[in-house]
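Take a look at the chain shown below.

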Amino acid sequence: METDDQPAELCPICQAELAWPDGGDCVVCSGCGQQLSVLGQRAFARAEAAFLSARESLGRGYWTGSGRRAYTAKARPDALPLAPDVVRDLQQAYAGLHAAFGLGLPEVQLRAGVEMMAEVMRLLAPRGMASPLETEYWIKMAFGLAARDELLSLQQRLEHSKPAAGLLQRVRLRLRHHQLYVISTRLRGQLQELERAIGFVERPKVGL
Ligand SMILES: [Zn+2]
């Protein structure tokens with residue numbers, strides 16, 4: 001896998017070319033004006049490369065390298081061992097994402113980062129290689145972000161739907177909106193409790 005520590009050469013938001021400074025902590029994109037942390041971008045690039053490498057290996061089969069006891073019909077896939085290079089990649093992705101969250105990322109990378117983290121934890125946790133509480137946290141966070149997106153898009157549809165639109169459709173939209181609102185509120189509370197239990201200092205700053 002890619003091991004050089006270079007951050008992306010294009011802005012993650014507008015894809016403009018970035019001129020990385022020789023020294024200094026951050027770069028400002030000439031295209032969109034976004035300020036990017038050099039270390040944050042490096043950590044994210046490292047995590048993303050490791051994650052993609054793990055995904056690629058997993059695409060070729062989960063259980064390579066685990067020898068004679070690699071696969072039995074009775075074993076649940078979640079309990080089967082992962083190849084050592086996959087574990088290393090997943091752990092590197094985990095560490096890189098933690099570092100990147102702490103250093104600050106733009107929203108688009110935070111979102112991608114939370115989804116990657118949830119996937120990493122889903123693979124490591126059933127094998128006893130990740131904390132169950134933290135796994136629950138990242139999976140709930142990814143779920144909460146998806147619920148928030150749907151809520152925002154429903155809000156827009158409700159605001160722009162004309163009175164002539166079918167009453168039934170508006171009632172359905174309102175019901176779904178209410179459901180999502182309740183789910184999101186509950187999730188926020190659960191995430192806060194989990195944060196306290198885990199003792200997080202580097203919560204990704206997503207607007208949840
Ligand atoms: Zn930009």
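The crossing of α2 and α3 is left-handed. Their axes come within 10 Å and cross at roughly 145°. On the α2 side, the contact involves Leu-90, Ala-93, Tyr-94, Leu-97, Ala-100 and Phe-101. They meet Gly-113, Met-116, Met-117, Val-120, Leu-123 and Leu-124 in α3. By class, this contact has 11 nonpolar residues, one polar residue and no charged residues.

Keep in mind that this is a predicted model.

## The whole chain

Now step back. The chain has five helices and two strands. Along the sequence, these follow the pattern β-β-α-α-α-α-α. The chain has 208 residues, and buried residues make up 24% of them. Of the contacts with a separation of 6 or more, 60% are between residues 24 or more positions apart.

## Helix pairs side by side

| Pair | Angle | Axes | Crossing |
|---|---|---|---|
| α1 and α2 | about 155° | 7 Å apart | left-handed |
| α2 and α3 | roughly 145° | within 10 Å | left-handed |
| α4 and α5 | about 150° | 9 Å apart | left-handed |

Take α1 (residues 38-59) and α2 (residues 84-103), which pack at an angle of about 155°. An angle over 145° counts as roughly antiparallel, so α1 is roughly antiparallel to α2. Residues of α1 in this contact include Leu-39, Ala-43, Ala-47 and Phe-51. From α2 come, among them, Val-86, Leu-90, Ala-93 and Leu-97. The residues of the contact divide into 15 nonpolar, five polar and three charged.

Next come α4 and α5 (residues 167-198), at an angle of about 150°. These two helices are therefore roughly antiparallel to each other as well. Their contact has 17 nonpolar, four polar and seven charged residues.

## The nonpolar core

Which residues have the most contacts inside the largest nonpolar core? They are Ala-47, Leu-90, Ala-93, Leu-97 and Val-120. The core itself has 30 residues. The elements that give two or more residues to this core are α1, α2, α3 (107-124) and α4 (132-160).

Leaving aside residues up to four places away in sequence, Ala-93 touches Ala-47, Ala-50, Phe-51, Ala-54, Met-116 and Val-120.

## Two more residues

Glu-107 lies in helix α3. Is Glu-107 partly exposed or buried? It counts as partly exposed, because it has 14 C-beta neighbours inside 10 Å. Glu-107 and Pro-204 are 97 residues apart along the chain. Their C-alpha atoms are separated by 9.5 Å.

Gln-15 is found in the segment before β1 (26-28). Most residues other than glycine have a negative phi. In Gln-15, phi is near 70°, a positive value. Why does Gln-15 count as exposed? It has 12 C-beta neighbours inside 10 Å, and a residue with 12 or fewer counts as exposed.

How values were computed. Residues numbered from 1 in each chain as written. Predicted model: local features only at pLDDT ≥ 70, side-chain atom pairs only at ≥ 80, totals over all residues. Axes fitted to C-alpha atoms, helices over the stretch in contact; angles between N-to-C directions. Helix = DSSP H or I, 4+ residues; strand = E, 2+ residues; numbered from the N terminus. Parallel < 35°, antiparallel > 145°, perpendicular 65-115°, else oblique. Left-handed = near helix turned anticlockwise from the far one by under 90°. Contact = placed C-beta atoms within 7 Å. Nonpolar A, V, L, I, M, F, W, Y, C, P; charged D, E, K, R; others polar. Buried ≥ 20, exposed ≤ 12 C-beta atoms within 10 Å, placed from the backbone. Core = buried A, V, L, I, M, F, W, Y, C linked by C-beta atoms within 7 Å.
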